[in-house]
Amino acid sequence: MEKIIDEKQQGNALVMEPKSGNGKKLMIESYGCQMNFSDSEIVASILAKEGFDTTQNLEEADLVLINTCSIRDKAEQTVRKRLEK
């Protein structure tokens, strides 16, 4: 069964189940296509093994990642505006 990701979730921070013992916080936002959302989940899973749990709160994040591509111009422009914040 193929996983369908709602691209209307653009810009929402990824939330994954916290892992016991992790003390660092990661905030990751995805923009663009379904592949970007999938890639963000993979990155968050890898970083969970390195001690990071996800957060939706920018102020408590130790690491902030914004995932996009340059294929979709609207996604790229949205990220550029987001980076200003």
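This is a predicted model: local features need pLDDT of at least 70, side-chain atom pairs count only at pLDDT 80 or more; totals for chains, interfaces and linings use all residues.
Q: What puts the buried residues of α2 on the same side of the helix?
A: The buried residues are Ala 75, Glu 76 and Val 79. They cover an arc of only 100 degrees around the axis, and therefore they lie on the same side of α2. An α-helix has 3.6 residues a turn, so residues three or four places apart point the same way. The buried residues of α2 pack against β3 (63-67), while Lys 74, Lys 81 and Glu 84 are exposed on the other side of the helix.

Q: Why is Ser 30 called buried?
A: The cut-off for buried is under 20% relative accessible area, and because Ser 30 has a value of 4%, the residue is buried. Ser 30 belongs to strand β1 (residues 24-30).

Q: What makes the link between the side chains of Ser 30 and Ser 40 a polar contact?
A: A polar contact requires a pair of N or O atoms within 3.5 Å, and the contact that joins these two side chains is 2.5 Å.

Q: How do you know that β1 and β2 pair?
A: Pairing requires at least two bridges between two strands, and β1 and β2 have 3 bridges, in the parallel sense. Lys 24, for its part, has Phe 52 of β2 as its bridge partner.

Definitions and conventions: Residues are numbered from 1 along each chain as its sequence is written. Side-chain values use heavy atoms; hydrogens and water are left out. Helices (H or I, at least four residues) and strands (E, at least two) are DSSP runs, numbered from the N terminus. Buried means under 20% relative accessible area, exposed over 50%, partly exposed in between (1.4 Å probe, protein chains only). A polar contact is a pair of N or O atoms within 3.5 Å; within protein, one must be able to donate a hydrogen and the other to accept it, and residues adjacent in sequence count only if both atoms are side-chain atoms. The arc is that of the directions from the helix axis to the C-beta atoms. Contact means heavy atoms within 4.5 Å.
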